[in-house]
Structure formats: C-alpha cells, structure tokens
Amino acid sequence: NLLDISWYTESMREGQPVAILDRHRLQEQQGVEAPVFSAASYACQRSTPQPGHNTLLTDSLAVLAESAELNGDEGRAVAFRRSEALLRSLDRRVQGVAELRGLPCLGEHSRRVIQDVLDNGKSSEVEETKSSSRYKAMKVLTGIFGVGVKTAKRWFTEGICSLAQLETSGHTLNPAQQAGLKYYADLNQPVTRDEADAISVTVEEAVCSVLPGAQVTLAGGFRRGKTSGHDVDFLITHPDEGKEEGLVHKVTACLESRGVLLYHQTTRNTYQESPEGAGRPRSNMDRFERCFSILKLVQDPVQVEADQTDSGCRPWRAVRVDLVVSPISQFAFALLGWTGSKLFEREMRRWAVHEKSMSLSSHALYDNNQKRYLTASSEEEIFAHLGLEYVSPSGRNA
Ligand code: DCT
Ligand code: MG
C-alpha cells in the first residue's frame, strides 16, 4: 500500500517536508480526504503551546511578521503574527493546505507561504527577505537596546548597516543606546531559564531587603514556560496597598550598591482611574512604576573557567531586566498583561472591545455597558468577566 510506504518514509525522515508532501499527494491521487483542522478566531480562545508542532511553518511566518514590523507596517505584521499563532495552536503537524480549509486568521498571503514551505521545504519569499540587506541591517540596528524601528530606518537610509558604521557615523547616542552598543553581544545572546532563575535570586534579595513582605513574580516569556528569552521580566507588589510606592528607586539603589546595576532608566506610575471609564487606551504601554535595566549576572565559576581560553573573557554577562511595580489592587491585571505573549494580550483586548464592549488594560477592566470597573484578584476572574475559558500561562504562547 503506497500510503503506508509514504508514512514509513515520513517517519524515517522526521521533519522532512518532502515526505509529508508525498503522503499528501498520494492521498489526493487516491481521493483520500485529509482531516480538516478547526480553531477559534481569537488567539485568547485557544491554548497555544511553545513551540508547537509546525515550527517550519511558524518560523517562516515569523520572519515575514518581523520584516513587516521592521518596516513599520503594523497591520501586515499583525496579520502574519495571527497566522503564525494559529498554526502554533494546532495539535499536530500540517501535512497539506487542504487540511487548513475554513480556518480563521489565514489570509491569502500566509496560505501562499504555507503552500511554498509544504511543497519545497522553504518559502522563496522568506529566503529573499532573510538575505535582503535592509532586513539584515534593520535587525542589527534594532538589536541595539534603545534603538527602535524609526531610528534604525533613519540610520539605514543614511547608509548605516553595521555597528562599525554607526560608531564612525558621528551620531550622538543617548545613554540607553550607548549601553546597548557597549553590551551588544551579551544582550543579543538569549537569556536561558537558569540565568533567569539566577537573576530572580538577585532581584528578590534586593526587593525584600528594601521592602520586607514584597512579592516578586517572574513574568513574560519565562512564566509561559519558554526556555529562553531576550530579557527577564519581573512584577513586584506588596499585600498592603501603597507600600509599593517609590519602590523602584529603592531597589535600583540597592542593586547599585551591590555592584550589579550596569544601566537603568525608571519611569514613575502615572495611572489614574477615570470616572468616565477607561475608554480607548491611547497606547499599549501601561503606566506602572517601571525600570528598564541591564544587570550584571555573575556566571558559574566552572563555566567561566572553561571559557577562559577566550582571551578577555569576563566572569559575568549583561542581561536585560524589566522591573514593574503594581499596587496589589491591580496586580491580577498587571500579571495578565505582563505574562504576554504580546499577541495574546492584543487578542484579549480585541475580544474585550468587540465581543464584550469592555476595555482591558494591564491596570483594569472597564465594562462600557454597566459603566463601571470590574475588579479581580486573580487572572481566572478576569477571564471569567470576559466570558473566556481560562488559558494557563503555558497556553498563552500565541
Ligand atoms: N507587553 C505588552 N505591551 C508592551 C510590552 C510588553 O503587553 N508594549 C507584555 C507582553 C509580554 C510581556 O509584557 C513581556 O514583554 P517582552 O519581554 O517583550 O516579551 P516576552 O514574551 O517576555 O518575550 P521574550 O521572551 O523575548 O522576552
Ligand atoms: Mg521578556
């Protein structure tokens, strides 16, 4: 039986799309219908694991999403991110586009890319994007902490494509960008889970020494079970409302006195509930007391010893750390917002507005029909207010 042979080839060559296609073509030739996937429209209605069963497809769509982000084309970027998230949520490997019939979030462009990857093992558009000088330069430049898409675009149009060209360009860099350039290699090396745990110990010690009883929660990608990330995100609160005020400055002073603070920039809390309701948030940024920092992570002496063959190797590395302080009354919203993923949060806000006439932020949930704020002391309560089934952090990798 030809179908069995193709199954066999497929298992012999795990991950080789050629064999997958063989099976799909054989099925088509034999008139065997591939089972069709089903999925809900909003990412917050689905559980999305990391990395999922379709990494070849999701990695390809992620490149196109990133490229659109680097072009400042948010609409296009979100469309690719939605397709990527949808494919990541599927519970098995896609073997042919026919199985994707009727699925939401997959536009014509994404389907073309998927078809190309299934047919040829890669997408020509993705390959072209990855090798384009613009994409490469924008990745290098936005890889500098403190450099956003707008700045990188401006530099690129001036012919700056590399760090060396930037350094000799005569541009004056702000303090964040100077730190970003100085620790470029470290900050572009993914942070591992072990490193995040080591940073957690440092941060917890500092927080509890300046405010006993304060609670430190690891948020961001690591809370979602990711094994690496570009930074480490912490959410800090205290059971007595008000005690957390001004905490960021005390914590950074403590980290500085311990010699582990390489860079920091703090912003104070500017959030206020409005009697007319939350309305439409002006930006996705929340208004918590917050600190963007770069910390010095002292590395395992055994590992350092092994690395000493590299001349100039130092016994520590720089790590990006975000500290966010929330009053306990907003903590559930802050935790939900700071756990991410960015798309999952975006989809929850979209669901709230379009399906429930509510406004969700990292501070609060406002019901536009009842004209009042809905309180919550856990993430579960927020999902319930929104009429959504609870999705645990590990399922929020949309
Ligand atoms: N967040 C958000 N809006 C922003 C910035 C962040 O809603 N403007 C939320 C979503 C994710 C969370 O904060 C942490 O942000 P990142 O660290 O950028 O994302 P991450 O998922 O932790 O990714 P990584 O693993 O790369 O750090
Ligand atoms: Mg993060």
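View 1. C105 counts as buried, because 21 C-beta neighbours sit inside 10 Å. (Buried takes 20 or more other C-beta atoms within 10 Å of a residue's own, exposed takes 12 or fewer, partly exposed is in between, and C-beta atoms are placed from the backbone.) C105 isn't a glycine, yet its phi is positive, about 70°. You'll find C105 in the loop between α4 (74-89) and α5. Helices (H or I, at least four residues) and strands (E, at least two) are DSSP runs, numbered from the N terminus. This is a predicted model, where local features need pLDDT of at least 70 and side-chain atom pairs count only at pLDDT 80 or more, while totals for chains, interfaces and linings use all residues. Residues are numbered from 1 along each chain as its sequence is written, while chains are lettered from A and ligands numbered from 1 in the order in which they are written.

**View 2. S357, another positive phi.** Most residues other than glycine have a negative phi, and most peptide bonds are trans. S357 is not a glycine, but it has a positive phi of about 55°. Look for S357 in the loop between α17 and β8 (358-360). S357 counts as exposed because it has 12 C-beta neighbours inside 10 Å.

View 3. Helix α5 covers residues 108-120, 13 residues in total. From first C-alpha to last, α5 reaches 18 Å, close to the 18 Å expected at 1.5 Å a residue (the expected span is 1.5 Å times one less than the number of residues). S110, V113, I114, V117 and L118 of α5 are buried. Seen down the axis, these buried residues fall within an arc of 130°, so they line one face of the helix; the arc is that of the directions from the helix axis to the C-beta atoms. Just past α5, G121 takes a positive phi of about 85°.

**View 4. Strand β4 and its two partners.** Six of the six residues in β4 (residues 232-237) are buried. On one side sit V232, F234 and I236, on the other D233, L235 and T237, and both faces are covered. In a regular strand the side chains alternate between the two faces of the sheet. β4 runs antiparallel to β2 (residues 215-218), joined by four bridges, and T217 stands opposite L235. With β7 (residues 316-325), β4 runs parallel, and five bridges join the two; here F234 has L323 as its bridge partner. (Two strands pair if DSSP finds at least two bridges between them.)

**View 5. The shell around ligand 1.** Of the 15 residues around ligand 1, G220, G221, G229, H230 and G340 come nearest. A residue is near a molecule or strand if its C-beta atom, placed from the backbone, lies within 6 Å of it. α13 (220-223), α16 (331-339) and α17 (342-356) each supply at least two residues of this shell. Sorted by class, the shell has two nonpolar, eight polar and five charged residues. (Ala, Val, Leu, Ile, Met, Phe, Trp, Tyr, Cys and Pro count as nonpolar, Asp, Glu, Lys and Arg as charged, and the others, Gly among them, as polar.)

**View 6. Two cis peptide bonds.** One cis bond joins Q50 and P51, with omega about 0°. P51 lies in the loop between α2 (17-29) and α3 (55-70). Another cis bond runs from G340 to S341, with omega near -5°, and S341 lies in the loop between α16 and α17.
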